[in-house]
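Dear colleague,

Please find below the structure that I am handing over to you. My notes on it follow directly after.

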Amino acid sequence: MKGELPRWVDLGLLPAVNLLAALALSSLVVLAIGVNPLAALAILVRGAVGYPEAWGYTLYYATNFVFTGLAVAVAFHAGLFNIGGEGQAYVAGLGATLVCLGLDALPGFLVVPLAILAAAAFGAAWGAIPGWLQARRGSHVVITTIMFNFLASALMTYMLSNVLLDPTYGSPETRHFAPHATVWKLTDIAARFGFEAPRSPLNAATLLALAAAAFVWVYVWRTRAGYALRTVGANEQAARYAGIDPARTIIAAMAISGALAGLMAVNEVMGSQQRMVLAFTGGYGFVGIAVALMGRNHPVGVCLAALLFGALYQGGSDLAFEISTINRDLVIVIQGLVILFCGALENMFRPALAAFFARERAAA
Amino acid sequence: MEGVPALALAGVDKSFGAVHANRAIDLSVAQGSIHGIVGENGAGKSTLMGIAYGYYRPDAGTIRVDGRVVEISEPQDAIRAGIGMVHQHFMLVETFTVLENILLGAEGGALLARGEAEARAGLARLMAEYALEVDLDARVADLDVGAQQRVEILKALWRGARILILDEPTAVLTPQETDRLFALLAKWRDQGRTVLLITHKLREILAITDRVTVMRRGAVVATLETARTSQAELAELMVGRRVLLKVDKRAAVPGAEILRAEGLRHVDARGIERLRGISFAVHAGEIVGIAGVAGNGQSELIEALAGLKPLAGGRILFKGAPVDPPGSADACRSARARRIAHVPEDRLRMGLVASFAARESAILGYHDDADLGSGPFLDPDATRTRTNRLMEAFDVRPRLPELRSANFSGGNQQKLVLGREIDRDPELLIVGQPTRGVDIGAIEFIHRRLVDLRDAGKAILLVSCELDEILSLADRILVMFDGRIAGELPRAAADERQLGLLMAGVAAAA
């Protein structure tokens with residue numbers, strides 16, 4: 001068929017070419033401010049995976065991206081573009097915080113699962129409302145999820161500065177959770193067994209992220225509900241014909257999407273910070289869109305893309321730290337270029353590759 | 001034939017990736033003739049015409065117009081060379097007036113007034129010359145299909161076309177409108193202009209063309225003098241083997257009443273009444289055919305019966321009991337549960353999901369079946385097993401359950417959909433346009449299966465815009481016009497002329 005690529009090219013070579021293009025352009029930017037791009041790249045790579053703590057941070061960032069990437073992917077299969085991962089994760093933080101602060105009289109084996117459920121439920125609700133508005137009132141989910149990001153931001157600022165504020169602190173954040181009402185960090189687990197693990201925020205939420213990826217795969221491709229979801233996403237008329245209620249399916253998809261984004265709060269609030277701070281979502285929700293695009297909306301791809309973005313985040317921090325002329329903003333430029341090439345311009349090299357492989361096949 | 005051909009293609013070759021759509025085509029169209037091109041879907045007719053009109057560039061070969069080699073790399077080149085094309089799906093802006101549509105792309109300057117005044121005078125002349133009257137100030141959306149087609153022809157003429165390519169022009173016309181179009185084409189020919197007619201209706205080829213070229217699998221298999229050929233010969237050339245044009249069937253033995261519609265009314269989203277009180281019945285062991293020009297309420301009727309479209313009035317009885325009010329997902333499910341099967345008119349819009357593997361499209365509507373997995377889970381092996389069985393029983397090729405639905409040919413897609421619905425042993429099969437865009441071999445197969453189902457004592461409601469299909473399959477014929485049943489005829493009493501008058505809303509109920 002015209003324009004179809006071998007699977008390994010589609011899933012492996014094309015993303016690699018995109019990444020190389022992004023790095024090439026980044027090199028020019030780095031060169032322009034008088035830094036040797038190869039040296040910068042070496043620092044970036046070493047900063048991402050070069051020593052044990054780096055691995056901890058890379059995996060910790062990747063965990064956030066897995067959750068937000070999966071959220072975008074699930075919505076995508078239902079034909080929806082959920083740009084509200086940021087807000088859904090933020091509000092989910094409220095759910096987790098309320099349980100962790102309010103119910104910490106309960107033992108850990110109760111309060112932690114309850115807090116995780118609360119995070120998922122709050123995220124689900126924050127996603128389901130735009131879903132409902134789309135399904136029943138025809139308000140486009142792209143518009144409403146963006147608006148819900150702002151609503152979430154305003155709501156959380158209010159909650160943090162007026163309701164949940166720890167009065168002994170000067171900044172808008174809650175008190176620390178009780179130790180039993182948190183998700184274990186790798187350092188804590190290691191300490192319990194008498195080891196010393198590299199210091200990083202890496203915590204058990206990473207396992208939850210892997211479980212979430214497995215759940216998404218099973219749900220989307222191995223259940224009747226997932227079949228309905230994909231049918232609605234691919235052809236709403238066919239879904240109606242098949243007796244599938246598109247409205248119900250859209251609301252369910254947005255709820256699941258919101259819940260997945262919400263689980264990011266488990267990593268960030270319950271695992272890393274162990275309290276809630278202002279704007280803890282830090283843009284992870286938006287990067288999730290690029291992660292899902294690069295991962296082709298498949299859980300395995302999302303995990304790999306999340307790992308890449310996690311490495312970029314961590315390596316970028318080291319880069320900004322080690323080379324004084326490269327500041328945080330320049331690192332964001334580099335990350336932006338990667339998102340641009342792997343996300344927005346994902347298919348730029350496709351025609352050229354397709355032509356190349358068509359010629360190869362013709363020659364063979 | 002005499003003189004320099006109006007259009008001559010020599011050695012035209014075109015591939016799309018692995019698909020060799022045109023293989024070294026030689027085609028010569030004489031001046032002042034009507035030349036037919038027939039072939040099954042995928043035979044390469046549309047690609048060839050697309051090359052002549054500049055949509056595709058050929059990999060090899062030359063195009064000559066009036067003996068001169070022309071380079072046609074975009075439609076503008078074709079128009080300049082005097083080639084006009086009327087597409088099967090009209091290329092008109094519905095909200096514009098006729099005049100605005102004709103001027104589109106040929107406005108003759110930044111300000112419209114002057115070009116409009118010139119066009120009015122010129123178009124008046126053309127309309128008088130070719131008996132092509134259309135109201136230039138009417139909005140295209142308000143015109144009927146026949147008039148829209150005349151606008152398309154007028155548009156081509158206005159751009160100076162001397163060679164007119166018509167792609168399946170009669171698909172949307174009543175027999176009377178078809179006659180009118182053919183009269184126009186004949187007049188055109190008598191004035192020395194040239195027509196290329198692409199169609200799959202062999203009757204039309206015999207009625208109007210001077211010569212006919214048959215294509216099969218991307219190649220020209222024959223070019224014949226129309227006067228010296230026959231439907232049977234053309235069909236055989238198209239398919240490459242002998243085909244049965246008439247369905248062999250016994251007289252129907254109608255049994256108990258299965259479906260009864262009483263005064264069905266439907267109002268669409270724009271507030272237009274699409275069904276204005278439809279009543280009829282279908283019995284076990286009979287095929288009731290609904291004829292009519294597309295857009296007279298047939299789509300709304302079958303979708304209401306299948307549970308999809310809500311009713312503004314009336315009721316549907318299945319085996320004597322009223323069904324759930326249609327218009328919801330639940331109604332569709334409950335219709336299926338009662339073993340009312342529905343083969344939708346448009347398989348790509350509704351009947352399957354183009355991006356799904358065949359095994360996923362093969363369970364559309366039945367994804368809750370207990371044998372397809374346990375509890376909430378769907379077992380891919382179970383869907384594969386079912387799909388293999390359907391593909392075997394309904395000769396779907398290639399037999400690849402994992403192949404994307406979109407990569408099957410139209411006929412094989414349709415066999416998959418039909419197989420899926422018949423497989424559930426329905427009491428009533430509602431089937432819309434069962435052979436639209438389906439090749440002759442598959443048409444034969446599909447017709448056979450419908451008759452077999454009837455003979456097994458099932459009720460079938462067949463909606464088709466192909467009069468031939470209705471006439472060869474139906475035991476009883478209803479004609480729909482403007483949301484009403486315009487007439488009912490037993491098959492034996494029906495002839496094409498009378499049906500045509502009913503379809504055009506001219507004759508009252510018989």
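**Contact between the chains**

The contact between the two chains draws on 20 residues of chain A and 21 residues of chain B, where two residues are in contact if their C-beta atoms, placed from the backbone, lie within 7 Å. On the side of chain A that touches chain B, the elements giving two or more residues are helix 9 (224-234) and helix 10 (236-241) of chain A. Helices (H or I, at least four residues) and strands (E, at least two) are DSSP runs, numbered from the N terminus. Helix 9 of chain A supplies the largest share of that side, 6 residues. By class, the side of chain A that touches chain B divides into 10 nonpolar, 5 polar and 5 charged residues; here Ala, Val, Leu, Ile, Met, Phe, Trp, Tyr, Cys and Pro count as nonpolar, Asp, Glu, Lys and Arg as charged, and the others, Gly among them, as polar.

Please note that this is a predicted model, in which local features need pLDDT of at least 70 and side-chain atom pairs count only at pLDDT 80 or more, while totals for chains, interfaces and linings use all residues. Residues are numbered from 1 along each chain as its sequence is written, and chains are lettered from A and ligands numbered from 1 in the order in which they are written.

**Chain A**

Chain A contains 16 helices and 0 strands. Its radius of gyration is 21 Å, which agrees with the value near 21 Å for a compact globule of 364 residues; the radius is taken over C-alpha atoms, and the globule rule is 2.2 Å times the number of residues to the power 0.38. Along the principal axes, the C-alpha trace of chain A spans about 70 × 60 × 40 Å. Of the 364 residues in chain A, 51% are buried. A residue is buried if 20 or more other C-beta atoms lie within 10 Å of its own, exposed if 12 or fewer, and partly exposed in between, with C-beta atoms placed from the backbone. Among the contacts in chain A with a separation of 6 or more, 76% are between residues 24 or more positions apart.

**Chain B as a whole**

Chain B has 17 helices and 20 strands. Its radius of gyration of 24 Å is close to the 24 Å that the globule rule gives for 510 residues, so chain B is as compact as a globular protein of that length. The C-alpha atoms of chain B fill a box of roughly 70 × 45 × 45 Å along the principal axes. Buried residues account for 46% of the 510 residues in chain B.

Chain B is divided into domain 1 (7-239) and domain 2 (257-503), with bounds that come from an automatic or database domain assignment. The C-alpha centres of these two domains of chain B lie 33 Å apart. Their contact takes 10 residues from domain 1 and 11 residues from domain 2 of chain B. On the domain 1 side, helix 6 (175-190) and helix 8 (231-239) of chain B are the elements that give two or more residues, and helix 8 of chain B gives the most, with 3 residues.

**The sheet in chain B**

An open sheet of 6 strands in chain B has the order 6-7-8-3-9-10, with mixed pairing; two strands pair if DSSP finds at least two bridges between them. Strand 6 (83-86) and strand 10 (219-225) of chain B are the edge strands, each pairing on one side only.

Strand 8 (residues 194-198) of chain B runs parallel to strand 3 (residues 34-39) of chain B, joined by 4 bridges. Strand 7 of chain B also runs parallel to strand 8 of chain B, with 5 bridges. B:Ile198 in strand 8 of chain B stands opposite B:Ile37 and opposite B:Asp167. In strand 8 of chain B, 5 of 5 residues are buried: B:Thr194, B:Leu196 and B:Ile198 point one way, and B:Val195 and B:Leu197 the other. In a regular strand the side chains alternate between the two faces of the sheet.

**Helix 9 of chain B**

Helix 9 (residues 298-305) of chain B is mostly covered, with 7 of its 8 residues buried. Just after helix 9 of chain B, B:Gly307 takes a positive phi of about 100°.

With kind regards
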